[in-house]
Structures are given as structure tokens and as C-alpha cells.
Amino acid sequence: MARSTDGGFDLEDEPSIERLGRALADRGPFHLIIDATGALTIAGHGPEKSLSRLDGDALRRSLAINTIGPALLLRSLAPLLATGDAIYAKLSARVGSISDNRKGGWYGYRASKAAMNMVLQTAAIELQRRNPHLRVVALQPGTVRSRLSKPFERGVEHLLEPDESVAGLMQAMQSLPSKTGAHFIDYQGQEIPW
């Protein structure tokens, strides 16, 4: 399902996510599903640079859009994955790495991405009991020239064009070996610590 196809869904509306799963059931099984949902700036609230900037409503919405909705989407789409060689991938972010956090800030986005990474790791272990060849992948696309990254481009050494990021992610995913649990990689195929 892409943005341009019918049957849209809302990450904050569980019944719409369930409808999507039912609508796609006849089109499966799928060997590759990529979830590219999520948001950095929500209702005018961007990443918090300090603890004093935390806003409860913005934090709840970040978790709803970046963790809960995608987790429910995974629940609805996992049964549609093909047996044997298959990939379920979710766009994540390097800032979702707990051990790679050297700058601080971005509380809501970091927390929501770290929580989603845990959902992927946990789901991978469960789903691989039935299909050991399934690869579940958290993807860091790099800093891509887009509306999302526009406010944060200053100081970025290498701003990626969308097609460069996508080509790298596709190649990296296809070359991943099967393993127990999820992978967390960037667009160059480099492993990111959880």
C-alpha cells in the first residue's frame, strides 16, 4: 500500500489500521513490506532540545504516531507476509539507538523510535518461530533531502537524495542474513547498536 493507493489509514485510529490489513489480505502474501510511517514534528511541536521543553500532549502523540500506530500496523500486516524468504522493514532513526545517544535532546522522537525498535525486536523473535527466514529490519535512511529534514539540514555533511537512500536501503535489506531477532541498519548496510 502506498500513499497514492486507496484505503488510507490513520496511525491514531486502530479500526482504520485493521481495515487496511483486511483490504490487503487478497493481495498477499508479500515478500517485502516497508512501513515508512511516522512524524518528527507533530501539531507544531518539533524535537525538544531540553527536558524543560517536554510537553505531555506532544509526547503522547509522538508515541501514538511513531510507536503505537506502527506496532498495530505490524500486527495487521504480519499475517500477510510470505513464508520463507520475507522482509518486514520499518523506517526508524539513528536517534532511536539508546547506546548511540551522544547529543541528548529530542526526547519524544528518540523515545518513540527506541520503543518501536523494541517492538520490532520482540516481534521478530515471535514471528521467526514460524518463519526462521523472515528478516525484520529497523532502517535508518540517513538524512534525506525532504520536508521532514529541511529544518535540520544545516551542518549535515552529506544530505542524501531520496533515490540514493532508497537504493541503499533496498540493497542493504536484500543482503541481510537471516538471524534471530531484528536488524538495525543504515542505508549503507552498517549495523547500528540498539
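Strand β4 is covered on both of its faces: H183 and I185 on one side, and F184 and D186 on the other, are all buried. Here, buried means under 20% relative accessible area, exposed means over 50%, and partly exposed lies in between, with a 1.4 Å probe and protein chains only. Strands (E, at least two residues) and helices (H or I, at least four residues) are DSSP runs, numbered from the N terminus. The model is a predicted one, in which local features need pLDDT of at least 70 and side-chain atom pairs count only at pLDDT 80 or more, while totals for chains, interfaces and linings use all residues. Residues are numbered from 1 along each chain as its sequence is written, and side-chain values use heavy atoms, with hydrogens and water left out.

β4 (residues 183–186) and β3 pair in the parallel sense over 4 bridges, where two strands count as paired if DSSP finds at least two bridges between them. Along this pairing, V137 stands opposite H183, and A138 stands opposite F184.

Strand β3 (residues 134–140) is itself mostly covered, as 7 of its 7 residues are buried. In a regular strand the side chains alternate between the two faces of the sheet. In β3, one side carries L134, V136, A138 and Q140 and the other carries R135, V137 and L139, and both faces are covered.

On to the next pairing: β3 and strand β2 (residues 86–91) also run in the parallel sense, over 6 bridges. Within it, Y88 has V136 of β3 as its bridge partner. In the loop between α3 and β3 sits H133, which counts as partly exposed because its relative accessibility is 45%. H133 is 29 residues from G104 in sequence, and the two are 36 Å apart in space, C-alpha to C-alpha.

β2 in turn pairs with β1 in the parallel sense, over 4 bridges, and the bridge partner of I34 in β2 is A89. The whole arrangement is an open sheet of 4 strands in the order β1-β2-β3-β4, with parallel pairing. Its edge strands are β1 (32–35) and β4, each of which pairs on one side only. From one strand to the next, the twist averages 25 degrees; axes are lines fitted to C-alpha atoms, for helices over the stretch in contact, and angles run from 0 to 180 degrees between N-to-C directions.

On a 1 Å grid over the protein atoms alone, a cavity is a set of points where a 1.4 Å probe fits but cannot get out, whereas a pocket is an open set with protein on both sides within 12 Å along at least five of seven lines; lining residues have an atom within 4 Å of a point. Grid points are joined across faces, edges and corners, and a volume is the space filled by probe spheres set on the points.

The second largest pocket holds about 310 Å³ of space. It is lined by 16 residues, of which A78, P79, L81, L127 and R130 are the closest to its centre. Ala, Val, Leu, Ile, Met, Phe, Trp, Tyr, Cys and Pro count as nonpolar, Asp, Glu, Lys and Arg as charged, and the others, Gly among them, as polar.

A search of the whole structure finds 1 cavity of 30 Å³ or more, and about 90 Å³ of space lies in the largest cavity. Among the residues that line this cavity are L40, H45, E48, S62 and Y109. Here too, α2 and α3 are the elements that give two or more residues to the lining, and α2 has the largest share, 3 residues. The lining of the largest cavity divides into 6 nonpolar, 4 polar and 1 charged residues.

Helix α2 also holds R61, which is partly exposed because its relative accessible area is 32%. R61 and G108 are 47 residues apart in sequence, yet 8.9 Å apart in space, C-alpha to C-alpha.
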